[in-house]
Amino acid sequence: MSRAADRLKAVLNHLDPSLACVRASNTSGQTITHTYQPHNLRYTNDNDLLSLDQRLFYEKNGFVVIKNLVSKEDIDRFRGAFERICRREVSPPGLLVMRDVAIANSEFVPDQKAVTKIQDYQEDPELFRYCTLPEVLQYVECFVGEDIMAMHTMLINKPPDAGKKTSRHPLHQDLHYFPFRPVDKIVCAWTAMERITRQNGCLVVLPGTHTGTLKEHDYPEWEGGVNKMYHGVRDFDPDLPRVHLEMEKGDTVFFHPLLIHGSGMNQTTGFRKAISCHYASAHCFYIDVKDTTQENIEEEVRQIAERKYGMTDAIRFQDTWALRGRLVKGERVSL
Ligand SMILES: CCCCCCCCCCCCCCCCC(=O)SCCNC(=O)CCNC(=O)[C@H](O)C(C)(C)COP(=O)(O)OP(=O)(O)OC[C@H]1O[C@@H](n2cnc3c(N)ncnc32)[C@H](O)[C@@H]1OP(=O)(O)O
Ligand SMILES: Nc1ncnc2c1ncn2[C@@H]1O[C@H](COP(=O)(O)OP(=O)(O)OP(=O)(O)O)[C@@H](O)[C@H]1O
Ligand SMILES: O=C(O)CCC(=O)C(=O)O
Ligand SMILES: [Fe+2]
Ligand SMILES: [Mg+2]
């Protein structure tokens with residue numbers, strides 16, 4: 001293919017796939033539509049990294065697992081950075097530390113035993129290195145294109161369940177939390193920091209659900225309580241097949257923001273660790289979620305921002321994202 005065609009394709013790949021086509025007229029004046037995606041692949045870009053089988057798998061299922069992607073050495077460094085945060089030796093600006101709801105009001109223990117998840121680690125240079133690892137970014141580029149923003153960062157330290165099943169994460173779609181689009185230009189990278197099994201609460205996915213729409217989310221009615229902001233999909237077909245993603249240290253799953261997923265309870269005595277980043281194309285744009293199913297999460301984020309940062313109505317939901325987002329490759333365009 002010519003370089004011009006390559007460039008055109010690169011540009012088209014940044015657009016909403018429904019727009020990623022060109023219209024031209026044939027000799028009899030009829031309009032024909034031709035997409036530049038080989039085999040009409042909608043969710044992945046053409047490059048030399050993903051095999052056709054891997055692309056087809058993602059197109060069909062909404063996720064793909066890459067074995068042994070992040071080195072053990074890097075993961076050990078991330079673990080060290082997490083432990084320093086838990087011991088309060090460092091406290092990166094903007095970091096949110098969440099304790100499990102079952103132990104939130106118990107005595108303070110200054111180590112990882114109290115911490116279920118840290119969020120917004122973008123100002124911690126060591127942890128943020130995860131989001132910039134070339135081996136991760138080269139895959140991210142297959143989904144979102146060349147201009148890449150790290151929009152949301154987390155390290156999840158799923159605690160041994162305290163007996164109330166609060167260590168579960170209900171089934172949800174991450175898009176519920178995101179006021180930006182297009183949806184197909186967002187992807188999550190989630191790396192196992194140790195061996196993760198059904199026993200310690202691996203990710204559970206409902207393959208193929210990424211082809212659906214964003215569903216209504218709310219707190220599930222769980223007897224033992226639910227963690228703050230752990231909304232679940234209100235209605236989903238309970239007969240849809242579930243796949244438990246058991247992974248080894250360093251294995252990384254990339255998944256679509258509409259893929260319904262969650263994680264089961266941790267039935268071991270260890271803290272199950274994973275590090276993740278949600279990436280989006282820098283060409284994405286913010287949307288107003290008023291009068292959509294996302295209004296409930298917008299309101300919760302507003303309350304947290306107010307409590308934590310003294311923010312007022314002048315700060316919009318999308319501003320809280322623009323402040324936290326970081327460019328990791330290419331050019332910052334509209335996010
Ligand atoms: C710049 C704005 C930033 C705003 C943050 C935006 C968050 C956006 C989320 C995007 C996620 C997108 C990706 C999809 C991922 C899906 C998810 O993972 S959703 C879950 C992510 N959400 C969170 O992590 C929630 C954020 N956490 C918090 O806001 C706080 O940790 C907290 C839960 C409010 C606790 O605050 P903290 O100051 O640490 O705690 P206390 O002062 O001790 O308690 C205050 C109050 O809250 C109760 N509480 C504590 N822990 C929990 C808990 N885990 N679940 C429920 N409730 C909790 C505690 O009992 C206190 O209540 P009280 O009535 O005042 O006594
Ligand atoms: N009653 C429920 N409502 C909504 N989501 C649930 C409910 N029970 C479990 N889940 C969620 O469904 C997902 C899969 O649960 P499932 O029970 O299949 O797996 P698990 O708990 O990891 O494994 P196992 O059942 O072998 O312990 C998890 O994300 C879990 O949080
Ligand atoms: O249990 C996990 O690590 C998954 C958490 C998750 O899906 C999320 O935070 O969006
Ligand atoms: Fe999620
Ligand atoms: Mg279960």
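Strand S7 (169-172), strand S12 (232-233) and strand S15 (261-263) each contribute at least two residues to the lining of the second largest pocket in this predicted model. Of the elements in that lining, S7 gives the most, with three residues. The space in the second largest pocket comes to about 360 Å³. Its lining is made up of 20 residues, and those closest to the pocket centre are Arg168, Val204, Arg242, Ser263 and Gly264. By class, this lining holds nine nonpolar, eight polar and three charged residues.

**Ligand 3**

Side chains of the shell approach oxygen atoms of ligand 3. A polar side-chain atom of Lys117 lies 2.9 Å from one such oxygen. For His261, the distance between a side-chain N or O atom and a ligand oxygen is 3.0 Å, and for His172 the corresponding value is 3.1 Å. On its own, ligand 3 has 290 Å² of accessible area, of which the protein covers 94%.

**Ligand 1**

Ligand 1 is surrounded by 29 residues, the closest being Arg99, Lys117, Gln119, Asn227 and Lys228. The shell around ligand 1 divides into 15 nonpolar, seven polar and seven charged residues.

The backbone takes part in the contacts with ligand 1. A backbone N or O atom of Arg99 lies 2.7 Å from a nitrogen atom of the ligand, and a backbone N or O atom of Val97 lies 3.2 Å from an oxygen atom of the ligand. Arg307 uses its side chain, with an N or O atom 3.2 Å from an oxygen of ligand 1. The protein covers 76% of the 1300 Å² of accessible area that ligand 1 has on its own.

Two or more residues of this shell come from each of strand S4 (96-98), strand S5 (117-119), strand S6 (148-158), helix H6 (295-309) and helix H7 (317-324). H6 gives the most, with five residues.

The distances to both ligands are set out below.

| Residue | Protein atom | Ligand atom | Distance |
|---|---|---|---|
| Arg99 | backbone N or O | ligand 1, nitrogen | 2.7 Å |
| Val97 | backbone N or O | ligand 1, oxygen | 3.2 Å |
| Arg307 | side-chain N or O | ligand 1, oxygen | 3.2 Å |
| Lys117 | side-chain polar atom | ligand 3, oxygen | 2.9 Å |
| His261 | side-chain N or O | ligand 3, oxygen | 3.0 Å |
| His172 | side-chain N or O | ligand 3, oxygen | 3.1 Å |

His256 sits in the loop between strand S14 (252-255) and S15. Its relative accessible area is 0%, so His256 counts as buried. A polar atom of its side chain lies 3.0 Å from the backbone nitrogen of Leu258.

Helix H5 (residues 134-144) is largely enclosed by the rest of the structure, because eight of its 11 residues are buried. The buried residues in H5 are Val136, Leu137, Tyr139, Val140, Glu141, Cys142, Phe143 and Val144. Gly145 follows H5 and has a positive phi, near 95 degrees.

Definitions and conventions. Residues are numbered from 1 along each chain as its sequence is written. Chains are lettered from A and ligands numbered from 1 in the order in which they are written. This is a predicted model: local features need pLDDT of at least 70, side-chain atom pairs count only at pLDDT 80 or more; totals for chains, interfaces and linings use all residues. Side-chain values use heavy atoms; hydrogens and water are left out. On a 1 Å grid over the protein atoms alone, a cavity is a set of points where a 1.4 Å probe fits but cannot get out, and a pocket is an open set with protein on both sides within 12 Å along at least five of seven lines; lining residues have an atom within 4 Å of a point. Grid points are joined across faces, edges and corners, and a volume is the space filled by probe spheres set on the points. Helices (H or I, at least four residues) and strands (E, at least two) are DSSP runs, numbered from the N terminus. Ala, Val, Leu, Ile, Met, Phe, Trp, Tyr, Cys and Pro count as nonpolar, Asp, Glu, Lys and Arg as charged, and the others, Gly among them, as polar. A residue is near a molecule or strand if one of its heavy atoms lies within 4 Å of it. A polar contact is a pair of N or O atoms within 3.5 Å; within protein, one must be able to donate a hydrogen and the other to accept it, and residues adjacent in sequence count only if both atoms are side-chain atoms. Accessible areas come from the Shrake-Rupley method with a 1.4 Å probe; for residues, only the protein chains shown count as cover. Buried means under 20% relative accessible area, exposed over 50%, partly exposed in between (1.4 Å probe, protein chains only).
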